[in-house]
Amino acid sequence: MKENNIKNLLKDSKAYYENNDYYEIFSKAEDGEGKVAAYLKEQAKEKIVLDAGCGTGKFLEQLENESSKYIGVDLSFEQLIKAQSKKKKSNTIFINSNLKDIMLESNSVDLIVSPWVLGTVTDLIERTKCLNELKRVLKPGGEIILIENEENSEFEYLRNHHKDKKTNIYNNWIRNNDFNKVEEINTYFNFANLKEAKLCFRKIYGNEVANKIKNNKIEHKIGIFKYAK
Ligand SMILES: C[S@@+](CC[C@H](N)C(=O)[O-])C[C@H]1O[C@@H](n2cnc3c(N)ncnc32)[C@H](O)[C@@H]1O
């Protein structure tokens with residue numbers, strides 16, 4: 001049973017770790033103006049921060065600089081190796097683990113940030129287990145910040161989420177789990193050129209999505225959701 005669950009989770013996140021190099025380019029292009037990084041940097045000041053689903057360490061630099069301790073957790077060993085190579089502080093640690101079972105004590109971190117992670121766990125029971133585990137390790141008075149896609153942006157239209165309502169359904173799940181939306185950020189993916197944009201989207205989302213791209217800049221709306229313990 002446990003093995004099946006792990007297989008499901010691996011399948012859900014497949015696009016991200018099997019296309020690791022493309023995801024790194026995609027991740028660099030995402031939020032071309034660095035608005036999310038600036039927001040998270042502000043929140044992390046002198047806190048013990050858990051980056052839940054840290055991937056290749058997109059926000060490592062900002063969080064590591066501001067926090068008193070940075071802990072990155074991810075299911076993908078390959079992504080953690082990349083994150084680890086960006087580490088600057090000796091007390092920064094990485095844990096290769098499923099979020100539903102993190103080897104950290106209860107009530108031990110001040111702030112949890114989880115950018116674009118829980119939505120990739122498509123099995124609702126598994127996703128709830130991950131969220132409950134985040135709540136367990138969070139100190140009373142601490143906060144969980146989820147960075148998520150919002151509806152009605154070019155990025156959503158490209159991926160047909162205006163039709164399948166995936167973003168709407170997922171964001172309602174977040175709200176139903178005691179999160180409030182605290183901010184909306186209008187930003188864009190900024191690829192070096194159209195060819196790079198198409199290549200990245202083809203590898204991650206397939207031909208149909210990639211063929212719709214007409215520009216190296218892709219409009220993207222982001223929501224910031226907070227839970228307070
Ligand atoms: C879309 S990527 C986002 C990565 C990073 N937060 C960023 O903004 O670049 C989702 C990440 O969540 C990780 N992930 C998905 N499900 C997970 C789980 N159950 N436990 C731990 N990590 C998970 C994936 O391996 C992947 O690195």
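**Note on the predicted chain**

1. Charges: the chain carries 38 positive and 35 negative side chains, and the centres of these two sets are 3 Å apart. The model is a predicted one.

2. Overall build: 12 helices and 7 strands make up the secondary structure of the chain. The radius of gyration is 17 Å, close to the 17 Å from the globule rule for 229 residues, so the chain is as compact as a globular protein of that length. The C-alpha trace spans about 45 × 40 × 35 Å along its principal axes.

3. Burial and surface: 50% of the 229 residues count as buried. The accessible surface is about 11100 Å², and carbon and sulfur atoms account for 49% of that area.

4. Contacts: among contacts with a separation of 6 or more, 72% join residues 24 or more positions apart.

5. Largest nonpolar core: this core has 25 residues, and Leu-50, Ile-112 and Ile-144 have the most contacts inside it. Two or more residues each come from strands E1 (48-52), E2 (69-74), E4 (109-115), E5 (138-149) and E7 (217-228), and from helices H7 (124-137) and H10 (166-175). Helix H7 gives the most, with 4 residues.

6. Ile-144: leaving aside residues up to four places away in sequence, Ile-144 touches Ile-112, Leu-131, Leu-134, Lys-135, Leu-138, Phe-179, Phe-225, Lys-226 and Tyr-227.

7. Second core: a separate nonpolar core of 22 residues is also present, with Leu-40, Leu-111, Ile-145 and Ile-147 among its members. As general background, nonpolar side chains in soluble globular proteins tend to be buried together.

Notes
Residues are numbered from 1 along each chain as its sequence is written. This is a predicted model: local features need pLDDT of at least 70, side-chain atom pairs count only at pLDDT 80 or more; totals for chains, interfaces and linings use all residues. Side-chain values use heavy atoms; hydrogens and water are left out. The radius of gyration is taken over C-alpha atoms; the globule rule is 2.2 Å times the number of residues to the power 0.38. Buried means under 20% relative accessible area, exposed over 50%, partly exposed in between (1.4 Å probe, protein chains only). Contact means heavy atoms within 4.5 Å. Accessible areas come from the Shrake-Rupley method with a 1.4 Å probe; for residues, only the protein chains shown count as cover. Lys and Arg count as positive and Asp and Glu as negative; His and the chain ends are not counted. The place of a charge is taken as NZ of Lys, CZ of Arg, CG of Asp or CD of Glu. A nonpolar core is a set of buried Ala, Val, Leu, Ile, Met, Phe, Trp, Tyr and Cys residues joined through side-chain atoms within 4.5 Å.
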